[in-house]
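Welcome, and please take a moment to look around before reading on. The paragraphs below walk through a few spots one at a time.

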Amino acid sequence: MVNRLSAHDAMFYFLDESGSTTHLGALLVIDPSHTDKRAGTGASRTRKAPTTSPGAEGVPGPAGKPPAPVLDYSRLVALVENRLQLVPRYRQIIREVTLGLARPVWVDDRDFDINFHIRRSGLPRPGDTVQLQDLIARVMSRPLDRTRPLWEMYLIEGLPDGKLAILTKTHRCMVDAHDALEISEVICDDTRTVEPLLEDLWMPGSPPGSTSLALGAIAEALSRPGDLVDSLVHNNSIVGDLRSTAEGALRRVGSVVQQMTDSAPASRLNSSTTSTRTFAVASVPRRGCAKIADRYDCTVNDVELAIISGAMRRWMLSYDESVEAGDTVRVVLPLSARDPAVERRVDADGRWITVGKASFVTDLPVGEDNPAVRLAQVAGLANRYSQSSRRLSLGPRPLLPELGVVPFPEFSSRAFRSLNRRNYNVPVGMGTLPVAARYVAGCPVVQVYAIPALMAQRALAISVVDYRNSLQFAFIADRGVLSDLPAMTDYVTEAYEELEAAK
C-alpha cells in the first residue's frame, strides 16, 4: 500500500515556485563549555523512546568534574543516524503520479546518503553574528533538491568563545502540528545524558514504478463501484462525496473572500521580487518583558507583539518618513498565543516550530509613537480579534482536500497564492509557552531561533521563541524588498528599551 501525501502536504509541495521556497528550519547555538545554573529549569520532556547521541566521550575536565562533552561532525552524523528512525520521512523522497491521477507518494530513497544532508561549514575567524546571519541567508536562499529527501543540516564552526551552531532546513510538507517533527527538535534532549535508541537496521523498500503508481491511482478511484447504488438509498457515496466536496470548497472560498473584504493595508511587505533571502536575529530578556507585562496588566505575548510593532515602525520610518498616526501592519499568529491560563507555565513538550495551528489576524499600530499606548492598543486589538470569527484563520488550506486527483498543481497553486495574497502582511510564529532547556549530544543549547517559511507574496516572516529566559526573535525576508533587514536587531533592542523606560 502506497503512503500518499495528505492534501495539506501536497499543497505545500506544489506551492514552491521561483521566488518562493516553502522550507523552514531552526538555528541552534551550542556552547559545550556552558554550565547550567538551573539544570532542572522546566518540566521534563518524555519521549516515546529513550534517545541520545551514541558515544558520549568528552574532553577531560578539571579534577573532580566530569569531562566536557564534545560535538563534532562525526558525532552529529551518528546522532542523526540514530534518530532518523523516529522520523521516517527524512529517508524518503516524493514521487509524483503520472498526469496527476493522485496525490504524490512517499517512497524510500534507495540512494540515501546522510553525508549529503549533513554538511560542515565555518565562519572566518573570529566569527560574529553578522557573518552567521549572512551564511544562514545564503543557505535559506537555495531550494532543496527534489530528487532527495527534502532536508539539510549544517554544523557551523568558528563562532566566538568556542560555540557551535546547527542550522536545519526542512521542506514545509515534511512537518505538521502533531507528530511529524522538524529535525532540529528530533536531535534535542531535555537532559545531558540519555541512552541511545537501539541500532536502526533500515533497509529501503523497492520504489513503485510510474506505471504502477498510475494504475494504483486508477484502481483507487474504481475501488468502490457498489457505492453508486448505495448512494441512491443513503446518499453517502460518490454523489454525496462530490456534493460535500463542492460545498466544502464553497465554504473555503467564502471564508477567503470574507477575509479579503477586510484586507490588509497595501504594503511592500506583500511583494516578492527575488528568491534571495536575508536573515537577522535579536533577543531580549524575558524577565524584563514579564515586568513590563505585569506593569501594564497584559501578557508576555502582548509585549512580544509590541516589540515587533516598535521594530516595524522603525523600519518603516527608515525608508518612509510619512508614517501616519493610524497606520497598521496586519499579522497572523497562533490563536493559542492568547491563552493567558498557561502563559507562565513551562511547556512539558515544547516545540519551537509552530505550524498548522489555528490562527487569527490582528493589527499592529505602527503609527502610534507612544510605546505605552502602542502596547495597550496591541493587547486590546489582539484580545478583540482573537474572539472574532471574521479574524480567525485556519492557515493555508487546499481548496479541494477531498479530491485525490491533482491534474493541474501549478494552476491550483497560483489560484491559492492569488486568494491568499491580501489576508495579512506578515506571519508571526510564537509559542504559547516557554521551551525547557535542550541539549544536543550532551552539549547545552544556549539559543534557539525558529526560521519560518517565507511564502509567496510575503516579503517578511517573523518568529519568537521563549527560551532560557530570553525572547529570541528571528526575521527572514526577501532581500530585494528588505535589504536592510540586519537593522532589525537594533530595532528590536530599541523597541524593548523604550517599553522598559515608558511611564
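Let us start with a charge and a ring: the charged end of Arg458 sits over the ring of Tyr424, 4.0 Å from the ring centre. A charge counts as sitting over a ring if NZ of Lys or CZ of Arg is within 6 Å of the ring centre and within 35 degrees of the ring normal. Arg268 does likewise with Tyr319, lying over its face at 4.3 Å from the ring centre.

A word on what you are viewing: this is a predicted model, in which local features need pLDDT of at least 70 and side-chain atom pairs count only at pLDDT 80 or more, while totals for chains, interfaces and linings use all residues. Residues are numbered from 1 along each chain as its sequence is written, and side-chain values use heavy atoms, with hydrogens and water left out.

A search of the whole structure turns up four aromatic pairs, meaning rings of Phe, Tyr and Trp (its six-membered ring) whose centres lie within 6.5 Å; planes under 30 degrees apart count as stacked, over 60 as edge-to-face and the rest as tilted. One of them joins Tyr13 and Phe14, edge-to-face at 5.2 Å centre to centre with 70° between the planes. Tyr13 counts as buried because its relative accessibility is 4%, where buried means under 20% relative accessible area, exposed over 50%, and partly exposed in between (1.4 Å probe, protein chains only). Phe14 is buried too, at 15%.

Another pair, Phe112 with Trp202, is also edge-to-face, at 6.1 Å centre to centre and 75° between the planes. This pair links distant parts of the chain, 90 residues apart: Phe112 is in the loop between strand S6 (105-108) and helix H3 (114-117), and Trp202 in the loop between helix H5 (183-186) and helix H6 (210-221). Helices (H or I, at least four residues) and strands (E, at least two) are DSSP runs, numbered from the N terminus. Phe112 is buried, at 19%, whereas Trp202 is partly exposed, at 25%.

Next, find His23 in strand S2 (residues 23-30). Is His23 buried or exposed? With a relative accessible area of 4%, His23 is buried. Its contacts (heavy atoms within 4.5 Å), leaving aside neighbours within four places in sequence, include Met140, Lys169 and Pro452.

Finally, the cysteines. Cys173 is buried, at 0%, and Cys443 is buried at 0% as well. The whole structure has zero disulfides, a disulfide being a pair of cysteine sulfur atoms within 2.5 Å.
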